[in-house]
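Q: I would like to learn how to read pockets, cavities, surface patches and salt bridges in a model. Please give the general idea first and then the case at hand.

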Amino acid sequence: MTPVPSGILTIDLSALRANYRRLCQEAATSSVGAVVKADAYGLGASRVAPIFYEAGCRDFFVAHLEEALALVAALPADARLFVLGGLFKGTETVCADANIIPVLNSLDQIADWAALAKVRGDELPAVLQVDTGMARLGLSNVELLTLLDKPSMLDGVRLHCLMSHLACADRSEHPRNTEQMNRLRSIAPQFPGVPLSLANSGGVFLGKAFTADLVRPGIALFGGAPHGGRSNPMNPVLRLDIRV
C-alpha cells in the first residue's frame, strides 16, 4: 500500500536566490560565499548549491570532506569548495585530487597539507583559520606563534584567505565581536596580501569592518534570523502544509 503523506514541505527556491542577493547588498564590496553544510541545513545541498551559484556565488563551505566530494558533480568547475573542519589524516590526496580546498585548523593539518604539496612539487590552496575567541576551530595563540616563528611550515601552501569565526555575531552589541575583529586584524599583517574572512550570517550585518573580503553566511540564506531581538530581514524559505 502506497503511504499517504500527512503534509507537504515546500522549499521556495526563489526565496533562496533573494536571500543570497540580500546578503550581497549588505556585504557591499565583499565576496559572499554560502555555507551549505549538513546537506544545506537539511534542504538538499545538491539542489540548493546550484541555486546560489546561479545567483553569483562561487565559494561554498561544508563541514566535512565527504560533503564536499558529494557536491563536486553538482557545481560547475569554477566553483570553489571549502572544508571548514579541515581534513582527517590520510585524506589529503583525495581532497587535492578533487580540487577541494581545506581549512587548516591545526599545525598537524598544515604539516600534512604542505607535505603533500612537496611530494607533488606544486602549490596547494588552503584557508588558514585562527581562533580569535570562538574556542572551536583554528590555531590557538600558541600554535600561531609557532607558525609565525617558522613560516616555512607553509611552504607549498597558497593561502586563499585568513579566517576566523565570530562567537556572538547574533548579538550585535556584544563586545566580543569587536574583540575578535581586532584580533584578526592584528594578525593579518603577518600574512601580507592574504584576504580576510570573519563574518557569518550575523556578522554580515555588523558593518564593513566585519565583512572584510569574504563573508560566509549560512542560516540567513535559508531564512533564519541573523540577529536575535530584531525583525528578520531574510525571506522565509520553507512552508509546511498539514491537515489538522
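Q: How much space lies in the largest pocket?
A: On a 1 Å grid over the protein atoms alone, a pocket is an open set of points with protein on both sides within 12 Å along at least five of seven lines. Grid points are joined across faces, edges and corners, and the volume is the space filled by probe spheres set on the points. Here the largest pocket holds about 480 Å³ of space. The model is predicted: local features need pLDDT of at least 70, side-chain atom pairs count only at pLDDT 80 or more, and totals for chains, interfaces and linings use all residues. Residues are numbered from 1 along each chain as its sequence is written, and side-chain values use heavy atoms, with hydrogens and water left out.

Q: Which residues are the closest to the centre of the largest pocket?
A: Lining residues have an atom within 4 Å of a point. There are 26 of them in the largest pocket, and K37, Y41, R136, H165 and N200 are the closest to its centre. Helix 2 (37-41) and helix 9 (201-204) are the elements that give two or more residues to this lining; helices (H or I, at least four residues) and strands (E, at least two) are DSSP runs, numbered from the N terminus.

Q: How do the residues of that lining divide into nonpolar, polar and charged?
A: Ala, Val, Leu, Ile, Met, Phe, Trp, Tyr, Cys and Pro count as nonpolar, Asp, Glu, Lys and Arg as charged, and the others, Gly among them, as polar. The lining of the largest pocket has 15 nonpolar, seven polar and four charged residues.

Q: How many cavities of 30 Å³ or more does the count come to?
A: A cavity is a set of points where a 1.4 Å probe fits but cannot get out. The count is one cavity of 30 Å³ or more, and the largest cavity contains about 40 Å³ of space. Its lining consists of L87, E92, L104, D108, Q109, D112 and W113, with helix 6 (residues 107-120) giving the most, four residues. By class, the lining has three nonpolar, one polar and three charged residues.

Q: Which residues form the nonpolar patch on the surface?
A: Patches are made of residues with over 30% relative accessible area and no salt bridge, nonpolar side chains (Val, Leu, Ile, Met, Phe, Trp, Tyr) being joined within 5 Å. In this model L9, I11, L238, L240, I242 and V244 form such a patch, with about 650 Å² of accessible area together, by the Shrake-Rupley method with a 1.4 Å probe. Strand 1 (7-11) and strand 11 (238-242) each supply at least two of its residues, and strand 11 gives the most, with three.

Q: Why does L9 count as exposed?
A: Exposed means over 50% relative accessible area, buried under 20%, and partly exposed in between (1.4 Å probe, protein chains only). L9, in strand 1, counts as exposed because its relative accessibility is 52%.

Q: How many salt bridges does a search of the whole structure find?
A: Side chains of opposite charge can pair when their charged atoms come close. A salt bridge is a side-chain nitrogen of Lys or Arg within 4 Å of a carboxyl oxygen of Asp or Glu. The search finds eight.

Q: How far apart are the closest N and O atoms of D59 and R80?
A: They are 2.5 Å apart, in a salt bridge. D59 in strand 4 and R80 in strand 5 are 21 residues apart. D59 is buried at 4%, whereas R80 is partly exposed at 32%.

Notes: Patch = residues over 30% accessible without salt bridge, like charges linked within 9 Å, V, L, I, M, F, W, Y side chains within 5 Å.
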